[in-house]
Amino acid sequence: MTESPMDTLCLPARPESLDRLYAFVLQRLHMPAVPQGLVQKVELVLEELLINVVYYAYPPEAPGDIELSCSVAGGVLHLVIADRGKAFSPLDRPDPDLTASIEDRNVGGLGIVLVKEMVDAIEYQRVDGRNVLTVTIRIEH
Amino acid sequence: MDLIIETAKRGTAVVLTVTGRMDAATAPEFMKVCDGLIDGGDISLIADLGKLEYISSAGLRSILATAKKLKAIQGQIKFCNLSGMVKDVFNISGFTSMFSIYPTLDEAASH
């Protein structure tokens, strides 16, 4: 696989940073070949993964940054989301029971279920004190 | 666009016409509107999602929380007019089989 250069945006892991982080990726998808439905999929993946970092990676007394890298090459979007917060892989969490009744349904855990369905590949690594999520989404056939 | 929720009486039910996006920032508004209706004694709700363009897990959580409240008091929330990514998200999360979902508002209102 050919490596393409990635652009990176590093911002404080706070809710106020989310819109800029979304725009950083979505502006790279403004091309005719990318259908609207796919842009929404990418938005969903970004929201679910970035919200996790913003709300849970760092304790309130020790805030930190979120680093988002992005490239579009060969019809494929690559995303890398990294933080220096506590070690946490969203992929290790067991999926909620999707067949449970309204009364028994747990309200958590649906975000990562959606992400896994929307991406072509997702991988978690703990590297040098950083959580690193690598995501691949095919945007052209 | 953010989230716009219009409400209208239809028989004994209240129809919520939901327009825009239900994401982490806007989903609490949906729950607030539903809580207001429930507090006012309306326990039969129909959410028309035909103009909803985007929903994330935060939106699903606010829907589920509302459905749990209604279930506990023998109420119900039904859905109609799902399309595009909203339909996909309902399917993936199992919401399509958990809730009563109708192709049109008329069908939702007559069941």
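**Exercise 1. Which side chain makes a polar contact with the side chain of A:Glu48, and at what distance?**

Solution. The side chain of B:Ser57 does, at 2.6 Å. A polar contact is a pair of N or O atoms within 3.5 Å; within protein, one must be able to donate a hydrogen and the other to accept it, and residues adjacent in sequence count only if both atoms are side-chain atoms. This is a predicted model: local features need pLDDT of at least 70, side-chain atom pairs count only at pLDDT 80 or more, and totals for chains, interfaces and linings use all residues. Side-chain values use heavy atoms, without hydrogens and water, residues are numbered from 1 along each chain as its sequence is written, and chains are lettered from A, ligands numbered from 1, in the order in which they are written.

**Exercise 2. Describe the interface of chain A and chain B: how many residues are in contact, and what area is buried?**

Solution. Step one: count residues. Chain A gives 21 residues, in contact with 23 of chain B.

Step two: take the area. About 1900 Å² is buried between the two chains, and carbon and sulfur atoms give 66% of that. Buried area is the accessible area (1.4 Å probe) that two parts lose on being put together, summed over both.

Step three: look at polar pairs. The rule finds 12 residue pairs in polar contact across the interface, both residues at pLDDT 80 or more. On the side of chain A that touches chain B, the elements giving two or more residues are α2 and α3 (110-118). By class, that side has 10 nonpolar, four polar and seven charged residues. Ala, Val, Leu, Ile, Met, Phe, Trp, Tyr, Cys and Pro count as nonpolar, Asp, Glu, Lys and Arg as charged, and the others, Gly among them, as polar.

**Exercise 3. Which residues form a salt bridge with closest N and O atoms 2.9 Å apart?**

Solution. A:Glu43 and B:Arg21 do. A salt bridge needs a side-chain nitrogen of Lys or Arg within 4 Å of a carboxyl oxygen of Asp or Glu. Across the interface of chain A and chain B, the rule finds one salt bridge. Over all chains, the search finds 10.

**Exercise 4. What does the salt bridge of A:Lys116 and A:Asp95 tie together?**

Solution. The two side chains meet at 3.1 Å, N to O. A:Lys116 lies in helix α3 of chain A and A:Asp95 in the loop between β3 (76-83) and α3, so the pair ties together parts 21 residues apart in sequence. A:Lys116 is partly exposed at 32% relative accessibility, and A:Asp95 is partly exposed at 45%.

How values were computed
Contact means heavy atoms within 4.5 Å. Helices (H or I, at least four residues) and strands (E, at least two) are DSSP runs, numbered from the N terminus. Buried means under 20% relative accessible area, exposed over 50%, partly exposed in between (1.4 Å probe, protein chains only).
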